[in-house]
Amino acid sequence: MPTSKLVIAGGGPAGMMAGLLFARAGVEVIVLEKHGDFLRDFRGDTVHPSTIALFDELGLAEALLAREHDRVTDISATVGERSYRVADLSHLPVRHKFMMMMPQWHFLDFVRDEASRWPGFTLRMNCEVADIHQVDGRIGGVVLTGGEIVDADLVIAADGRGSTLQQASGLHRQNLGAPIDVFWFRVPKRRTPHNDTMGRFTPGTVIAMIDRGDYWQCAFVFAKGGAETIRGEGLDAFRQRVARAVPEIVADLGAVKDWDDVKLLSVSLDRLSRWHRPGLLVIGDAAHAMSPVGGVGINLAIQDAVAAANVLAAPMAQGRAVDDLLANVQARRMFPVRVIQRMQRAVHAGVLGPALNASAPMEAPFALRMLDGFPILQRIPARLVGLGVRREHIRSPETAKL
Ligand SMILES: Cc1cc2nc3c(=O)[nH]c(=O)nc-3n(C[C@H](O)[C@H](O)[C@H](O)COP(=O)(O)OP(=O)(O)OC[C@H]3O[C@@H](n4cnc5c(N)ncnc54)[C@H](O)[C@@H]3O)c2cc1C
């Protein structure tokens, strides 16, 4: 049967998931990843119920859940001395009513293992895409660093928020503005029976603490552009700020030995107004960088991959041209991206901004008090974050032979 050739730039969540789904549908797929492995600490490790449900639809949830992970069923925020429960995932209308905490490289190893079972799937590591390759006014492949041309009937740019292909193709990025940056660091802890992932708000300081079993993955949030000032005050002053906000980890803060242990995430919130050109589709962070609020980035990237495969995989497997269908993928995905980015901007302005600017003990924001006081309301953020909006389901066919 004639099939088209798909080249995917980037082996992150969007690119690997797209690779799996298109190969499963019988399309010849090459994923080009510039690194030699998936091990990049830290890129986030929240696998949401919407993503687990997709693997369930593929018959792969049990295999995924068999890999080492932790589970989160509720999320709290501590303001001053008091803890407020803000999201309860245990009522979600899906089989697996929890968030998996799994280092992203383990998750990507899993997707690679599953994708590699399909004969049409090829993953080329240490392959950096440097440019688009134009053929008769249309994008007909990519150029690798070193000059090799890889031809394609369709190129998917899943090369992250600094996307080389988006820039090379001239697609416009609209910056929505993010008023925060984040320092990520780890602090050892004792394993507890319950996952204690939480946010901690004190005047001038916001810290999200992701419970990773035997360590906290901490996100220290500060006003955009403030990294050099904080570094200039010295590591001791930084540790003291952390200790004031989370006194119970003070004894373990010695694990943060120098600034190499503290990674800066320059937060971006942006999206492309157009995600495609003839021969090219942009998905994942390359199409829309998200704020870390809600930990939705991986999951939105995966939903994009599923939508792309739903629209394009069957015709490509039959060798049909798909340029006219690319706009359908954007039309499907732009709405959820807009809604989630709007929610993130509201949290920046209404929760993080006031907390970072506060100089005296704060009262918990009204929304937190409402959520804690009326537990049924905790299902709303759980649904928005856990399942998103306009959730995708697997509609692309399984036509390849294993
Ligand atoms: C510090 C940090 C913490 C985060 N925390 C969370 C979280 O807790 N939960 C969450 O859901 N999201 C989180 N995110 C966001 C999440 O990691 C991204 O939204 C998600 O990984 C996007 O997936 P993607 O496949 O679109 O892009 P990426 O994950 O960025 O993958 C792009 C891939 O393309 C490769 N690449 C780039 N350029 C090229 C090129 N020219 N040629 C070939 N390959 C290339 C990269 O090496 C990478 O593997 C976090 C991000 C960061 C940076």
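The model is predicted, so local features need pLDDT of at least 70 and side-chain atom pairs count only at pLDDT 80 or more, while totals for chains, interfaces and linings use all residues. Residues are numbered from 1 along each chain as its sequence is written.

**Domains and their contact**

- The chain splits into domain 1 (5–72 + 97–176 + 268–357 + 380–386) and domain 2 (180–223 + 225–265), with bounds that come from an automatic or database domain assignment.
- Taken over C-alpha atoms, the centres of domain 1 and domain 2 are 29 Å apart.
- On the domain 1 side, 10 residues are in contact with 19 residues of domain 2; contact here asks that the C-beta atoms of two residues, placed from the backbone, lie within 7 Å.
- β4 (70–72) and α9 (326–357) each give at least two residues to the side of domain 1 that touches domain 2, and α9 gives the most, with 4 residues.
- Helices (H or I, at least four residues) and strands (E, at least two) are DSSP runs, numbered from the N terminus.
- That side of domain 1 holds 7 nonpolar, 1 polar and 2 charged residues. For these classes, Ala, Val, Leu, Ile, Met, Phe, Trp, Tyr, Cys and Pro count as nonpolar, Asp, Glu, Lys and Arg as charged, and the others, Gly among them, as polar.

**Around the ligand**

- There are 35 residues around the ligand, and Gly 12, Gly 44, Gly 160, Gly 284 and Gly 297 come nearest; a residue is near a molecule or strand if its C-beta atom, placed from the backbone, lies within 6 Å of it.
- α1 (13–24) and α8 (297–317) are the elements that give two or more residues to this shell, with the largest share, 4 residues, coming from α8.
- By class, the shell has 15 nonpolar, 13 polar and 7 charged residues.

**The mixed sheet**

- An open sheet of 6 strands runs in the order β8-β2-β1-β12-β21-β20, with mixed pairing; two strands pair if DSSP finds at least two bridges between them.
- β8 (121–124) and β20 (276–277) are at the edges with a single partner strand each, so one side of each is left without a neighbour in the sheet.
- β20 pairs with β21 (residues 280–282) in the antiparallel sense over 2 bridges, and Arg 277 stands opposite Leu 280 in β21.

**The antiparallel sheet**

- Another open sheet has 3 strands in the order β3-β7-β4, with antiparallel pairing.
- β3 (46–47) and β4 are its edge strands, each pairing on one side only.
- β4 and β7 (residues 99–101) pair in the antiparallel sense over 3 bridges, and Asp 70 stands opposite Met 101 in β7.
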